[in-house]
Amino acid sequence: MIVDNLKTPYYAVIFTTVVAENLEGYTKTAERMETLAKKQKGYLGIESARSEIGITVSYWQTLSDIVAWKNNVEHTEARNLGREKWYKKYQLRICKVEREYGFHQ
């Protein structure tokens with residue numbers, strides 16, 4: 001699903017991953033993190049695609065909202081599991097979105 005009801009400016013956190021061989025518990029944890037993120041102050045939406053390269057983009061009102069999400073205890077535990085078990089590599093990018101446009105048929 002594409003999130004298309006956001007009002008600029010807002011922030012996008014882009015989380016790109018290359019997964020390891022052992023993905024036991026990964027899907028359940030990813031789903032839990034999405035559910036938990038939706039409850040966080042400043043959360044605006046999420047888009048995700050997972051295959052050879054996983055890409056998840058979450059949207060937030062402010063940088064302080066992003067820091068609060070980063071410091072969430074369950075999110076920290078999931079991040080640690082990712083480093084220990086699920087990811088060969090990941091990159092996180094935080095961007096300010098000042099303009100957007102789209103198309104819908």
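I'm working on a predicted model, where local features need pLDDT of at least 70 and side-chain atom pairs pLDDT 80 or more, while totals for chains, interfaces and linings use all residues. Residues are numbered from 1 along each chain as its sequence is written, and side-chain values use heavy atoms, with hydrogens and water left out.

Sheet. I looked up β2 and β3 (residues 53-60): they run antiparallel, joined by six bridges. Gly 45 has Tyr 59 of β3 as its bridge partner. I then read off the whole open sheet, four strands in the order β2-β3-β1-β4, paired antiparallel. β2 (43-49) and β4 (87-97) each have a single partner strand, so one side of each lacks a neighbour in the sheet.

Pockets. My pocket search ran on a 1 Å grid over the protein atoms alone; a pocket is an open set of points where a 1.4 Å probe fits, with protein on both sides within 12 Å along at least five of seven lines, and lining residues have an atom within 4 Å of a point. I found 30 residues lining the largest pocket, with Phe 15, Trp 69, His 75, Arg 79 and Leu 92 nearest its centre. β1, α1, β3, α2 (63-70), α3 and β4 each give two or more residues to that lining.

I also listed the lining of the second largest pocket, which includes Ile 2, Tyr 10, Tyr 59, Glu 100 and His 104.

Methods: Two strands pair if DSSP finds at least two bridges between them.
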